[in-house]
Amino acid sequence: KTFPVRFTEGYFIGKYELSSAQWTRFRDETGYDPPLEKNQQALTEPGKLKPDEPAGGVCWTDAVAYCEWAGLRLPSEAEWEYAARGNLPIRFPWGNESPSASHANVGPAYGSDEKKALGKRDGYLVLSPVGNYPLGASPFGCLDMAGNCAEWVADHYVSPDSAPPPDGSAVTDPARPLRRLRGGSYYLSGNKTFATLRPKGVYAGRRRPGIAFRVAISAR
């Protein structure tokens with residue numbers, strides 16, 4: 001479903017996804033070291049990412065912690081999408097042309113050698129440096145809004161199953177909090193990185209190499 005959105009105040013949003021170098025500075029200055037859940041290993045631990053790569057491997061809580069330290073915030077879904085395509089009827093940040101090796105870091109990163117070869121057409125099997133595809137810029141000049149890393153936004157994902165019972169009774173075993181991701185990542189095919197695509201919610205504590213974020217701030 002589509003619906004109109006109206007903003008009552010302006011905002012600024014990051015031109016790039018947050019880089020590993022920026023995340024490392026945050027960790028060094030604050031000592032931020034959140035406990036990892038079983039079988040989780042954040043790529044944003046020191047030395048695991050190149051400084052110019054996005055801060056992949058952060059969960060939603062990590063992203064919020066960074067934003068609070070920096071005096072910033074996560075963009076809302078609506079703000080993210082407007083930055084990605086404005087009010088233009090386009091499928092991708094750069095227009096309607098399907099992603100090419102010049103537009104974005106997308107494509108299968110796992111599976112057969114043939115699939116991996118497709119994933120390397122843009123020069124990278126996994127993460128690429130932030131801002132590496134200027135031809136993939138959005139109408140406002142934002143980069144990597146398709147591919148490289150999927151990005152956390154502020155919004156909750158509310159599924160029909162999570163609605164409280166109409167009779168006011170207790171909810172049994174409520175689901176873990178779910179948040180939204182936008183933009184797709186390096187391990188998805190290009191057609192799954194539409195500027196308008198709204199995937200299902202993701203557990204707020206999930207850390208994966210292809211998940212990062214960009215920052216925003218309200219214009220005052």
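**Labels and the values behind them**

Analyst: Happy to, starting with packing: the buried residues of α2 pack against α1 (20-30), β2 (150-156) and β3 (178-182). Bear in mind that this is a predicted model, where local features need pLDDT of at least 70, side-chain atom pairs count only at pLDDT 80 or more, and totals for chains, interfaces and linings use all residues. Residues are numbered from 1 along each chain as its sequence is written, and side-chain values use heavy atoms, with hydrogens and water left out.

User: Which residues of α2 are buried?

Analyst: In α2 (residues 60-70) they are Trp 60, Asp 62, Ala 63, Ala 65, Tyr 66 and Cys 67. Buried means under 20% relative accessible area, with exposed over 50% and partly exposed in between (1.4 Å probe, protein chains only). Helices (H or I, at least four residues) and strands (E, at least two) are DSSP runs, numbered from the N terminus.

User: What makes helix α3 "mostly covered"?

Analyst: Seven of the nine residues in α3 (77-85) are buried: Glu 77, Glu 79, Trp 80, Glu 81, Ala 83, Ala 84 and Arg 85. They pack against β1 (11-13), β2 and β3. After α3 comes Gly 86, with a positive phi near 60 degrees.

User: Why is Arg 180 called buried?

Analyst: Its relative accessibility is 9%, so Arg 180 counts as buried. This residue is found in strand β3. Its contacts (heavy atoms within 4.5 Å), leaving aside neighbours within four places in sequence, include Glu 151, Trp 152 and Arg 198.

User: What makes the Arg 180 and Glu 77 side chains a polar contact?

Analyst: They come to 3.4 Å. The rule asks for a pair of N or O atoms within 3.5 Å; within protein, one must be able to donate a hydrogen and the other to accept it, and residues adjacent in sequence count only if both atoms are side-chain atoms. The side chain of Arg 180 also has a polar atom 2.6 Å from the backbone oxygen of Pro 199.

User: How do you know that Glu 81 and Arg 182 form a salt bridge, and what does the pair tie together?

Analyst: A salt bridge needs a side-chain nitrogen of Lys or Arg within 4 Å of a carboxyl oxygen of Asp or Glu, and this pair meets at 2.9 Å, N to O. Glu 81 lies in helix α3 and Arg 182 in strand β3, so the pair ties together parts that are 101 residues apart in sequence. Both Glu 81 and Arg 182 are buried.

User: What about Glu 151 and Arg 214?

Analyst: Their side chains meet in a salt bridge at 2.7 Å, N to O. Glu 151 sits in β2 and Arg 214 in the loop between β5 and β6 (216-218), so parts 63 residues apart in sequence are tied together. Glu 151 is buried, at 1% relative accessible area, and Arg 214 is buried at 1% too.
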